[in-house]
Amino acid sequence: MAMNDNRGRNSLNRLTKGVSWSAGLWVLAALSLGALAISCATSTKRTAVAPPEIPGATFVGSQTCAQCHEKITRDFSSATHARLKAEGPNAVNIGCESCHGAGSLHNESGGARHTIVNPGKTPEACFQCHLDMKSRFNLPYHHPVPEGKLSCGDCHNPHKGPAIIGGGTSLMAQNDTCRRCHTAQRGPFVFEHEAVREGCLSCHEPHGSISQKLLIERNATLCLKCHFQQQTTPGQITIGNVVHTSFLSRGTCWSAGCHEAVHGSQVNASLRF
Ligand code: HEC
Ligand code: HEC
Ligand code: HEC
Ligand code: HEC
Ligand code: HEC
Ligand code: HEC
Ligand code: HEC
């Protein structure tokens, strides 16, 4: 608990000034989170930890938010995280407050600044439950979420529908999410790389990676995942029916004048610039 509090206090003070994560409400939080942990356990192995704590504030339930945030509250029933509502006889409904912290002061003040946590400004509220993500964003190459240049909410829907945009149902929707910011990968290209149709995630890890450019593999392995070819002549490496034996020692497949236009090319079917 103590460690948790310190971490929260440091990071949230930086971002929301008046709001800090104190241990003050632990009793109440424990009561509601006991139930929360149980209801989560039915659908996942992740452990729910404490929601952001706001000194002096108590939990008031999602319905009170509807007075002023009507649309968000109405849509919320379709959200992945709506399943996290605490259930059981002693439970408080803390749907909104699991990410935003206890809402009584915010409500009473009519929405005064610094009375509520906005996870769009700090990922700490998300890390409380998604601890594994905290370590991914600590890897040497990561989307600059901890640096505040973008937020989890740029790629995830906290309030409506599947939290993962596209939700596995539509690859294009997922690619469009990426292309909104990465316009150079948008095309259209005269020579497309079909791999991109299979999704940006066939080569990139969206959160953090040990490899440059968020790649899931740092070398030819990345490409050979799909371009594997049965080798027939000993000592000779053939890829795409072209002998590559001497090429492979010169660098990665996408360097040194080779397939540098890996996302698609305007001039060359072999993905060159
Ligand atoms: C009495 C009206 C009222 C109620 C009830 C209310 N809010 Fe707000 N809320 C506001 C207003 C007004 C703002 C805009 C403040 C601003 O723009 O700076 C706001 C802003 C916010 C923000 C953004 C804060 C920021 O720093 O960017 C969040 C998050 C939020 N509310 C969540 C909630 C949640 C969760 C509840 C229910 C527990 C809730 N609100 C209940 C009026 C209310
Ligand atoms: C899974 C965590 C999570 C839950 C649960 C959640 N929110 Fe949010 N909320 C966020 C994030 C993330 C943002 C910032 C969105 C962004 O930056 O685009 C946000 C932003 C807000 C804002 C600021 C206005 C805006 O759209 O940026 C309000 C108001 C708000 N939430 C209200 C609510 C209410 C009301 C509920 C419950 C019905 C709720 N939230 C449930 C994560 C959550
Ligand atoms: C109170 C704990 C809690 C908080 C806070 C929380 N999450 Fe979650 N989140 C969960 C749980 C539990 C699941 C698994 C739900 C399931 O699989 O049904 C989940 C699932 C997800 C998923 C995967 C959804 C899917 O369809 O597989 C994403 C993405 C996600 N959360 C993002 C976020 C983001 C972004 C925030 C902060 C704005 C956040 N979460 C805050 C507990 C939390
Ligand atoms: C650049 C876009 C992007 C950002 C920023 C981002 N995510 Fe994700 N996240 C994704 C994508 C895309 C997936 C789907 C991964 C898949 O289908 O394999 C995902 C999946 C997830 C999942 C569920 C699957 C898993 O890998 O465990 C969770 C939980 C999650 N993200 C949490 C977060 C949190 C918390 C943050 C902020 C700290 C965040 N994400 C920021 C793009 C992003
Ligand atoms: C809200 C904007 C935004 C979205 C959406 C977004 N990114 Fe990014 N991305 C960034 C920023 C900002 C950087 C850091 C750029 C820098 O540091 O120069 C970055 C960096 C990257 C890098 C590393 C670039 C480099 O030169 O090292 C890759 C690869 C990448 N993103 C892929 C993706 C993928 C794949 C998705 C979709 C899952 C995605 N991005 C969604 C903003 C975004
Ligand atoms: C076939 C694998 C593959 C796919 C699919 C892929 N990328 Fe990449 N991406 C790479 C490689 C390899 C690099 C490194 C290029 C370099 O270092 O010159 C890269 C680099 C990047 C960069 C850094 C800028 C640059 O060009 O060096 C961004 C941003 C990026 N990719 C975004 C995306 C987006 C967005 C998608 C989906 C629309 C996507 N990528 C799909 C392999 C891929
Ligand atoms: C997700 C699977 C996948 C990955 C990963 C992948 N490719 Fe492809 N690539 C394809 C498909 C499918 C085609 C079109 C069919 C074909 O030509 O084999 C293609 C076509 C190509 C072509 C055009 C061949 C021609 O002359 O018409 C080149 C060059 C190429 N890929 C290079 C790469 C490189 C370099 C990488 C690694 C950065 C890579 N590919 C990773 C699936 C993939």
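The largest nonpolar core contains 18 residues. By a nonpolar core I mean a set of buried Ala, Val, Leu, Ile, Met, Phe, Trp, Tyr and Cys residues joined through C-beta atoms within 7 Å. A residue is buried if 20 or more other C-beta atoms lie within 10 Å of its own, exposed if 12 or fewer, and partly exposed in between, with C-beta atoms placed from the backbone. The residues with the most contacts inside this core are Ile54, Ala57, Ala102, Val117, Ala125, Cys126 and Cys152. Helix H7, residues 124-129, supplies the largest share of the core, four residues. Helices (H or I, at least four residues) and strands (E, at least two) are DSSP runs, numbered from the N terminus.

Please keep in mind that this is a predicted model, in which local features need pLDDT of at least 70, side-chain atom pairs count only at pLDDT 80 or more, and totals for chains, interfaces and linings use all residues. Residues are numbered from 1 along each chain as its sequence is written, while chains are lettered from A and ligands numbered from 1 in the order in which they are written.

Glutamate 53 is found in the loop between helix H2 (26-41) and H3. Is glutamate 53 buried or exposed? Glutamate 53 counts as buried, because it has 25 C-beta neighbours inside 10 Å.

I turn now to the ligands. A residue is near a molecule if its C-beta atom, placed from the backbone, lies within 6 Å of it. For the composition of each shell, Ala, Val, Leu, Ile, Met, Phe, Trp, Tyr, Cys and Pro count as nonpolar, Asp, Glu, Lys and Arg as charged, and the others, Gly among them, as polar.

Ligand 2 is surrounded by 20 residues, of which the closest are Cys96, Cys99, Gly120, Gly153 and Pro158. Two or more residues of this shell come from each of helix H3 (62-66), helix H4 (70-75) and helix H5 (97-100). H5 gives the largest share, three residues. The shell around ligand 2 has eight nonpolar residues, 12 polar and no charged.

Around ligand 6 there are 18 residues, and Cys178, Gln185, Ala195, Cys200 and Cys203 come nearest. Helix H9 (171-181) and helix H10 (194-197) are the elements that give two or more residues to this shell. Which element provides the largest share around ligand 6? That is H9, with three residues. Here the division is eight nonpolar, seven polar and three charged.

Ligand 5 has 16 residues around it, with Asp154, Cys178, Cys181, Cys200 and Pro206 coming nearest. Its shell divides into eight nonpolar, four polar and four charged.

Next, several loop residues. Glutamate 147 sits in the loop between strand S1 (141-142) and H9. It counts as exposed because it has 9 C-beta neighbours inside 10 Å. Glutamate 147 and threonine 122 are 25 residues apart in sequence, and their C-alpha atoms are 9.2 Å apart in space.

The peptide bond from glycine 187 to proline 188 is cis, with omega near 0°. Proline 188 belongs to the loop between H9 and strand S2 (191-192).

Leucine 214 has phi near 55°, a positive value in a residue other than glycine. Leucine 214 lies in the loop between strand S3 (208-209) and helix H11 (221-227), and is partly exposed because 19 other C-beta atoms lie within 10 Å. Asparagine 241 has phi near 65°, likewise positive in a residue other than glycine. Asparagine 241 is in the loop between strand S4 (238-239) and strand S5 (242-243) and, with 6 C-beta neighbours inside 10 Å, counts as exposed.

Finally, the chain overall. The protein chain has 11 helices and six strands, and of its 273 residues 24% count as buried. Its mean pLDDT, the predictor's confidence in each residue from 0 to 100, is 80, and 77% of the residues reach 70 or more. Over residues 1-48 the pLDDT is below 50.

Note on methods: Two residues are in contact if their C-beta atoms, placed from the backbone, lie within 7 Å.
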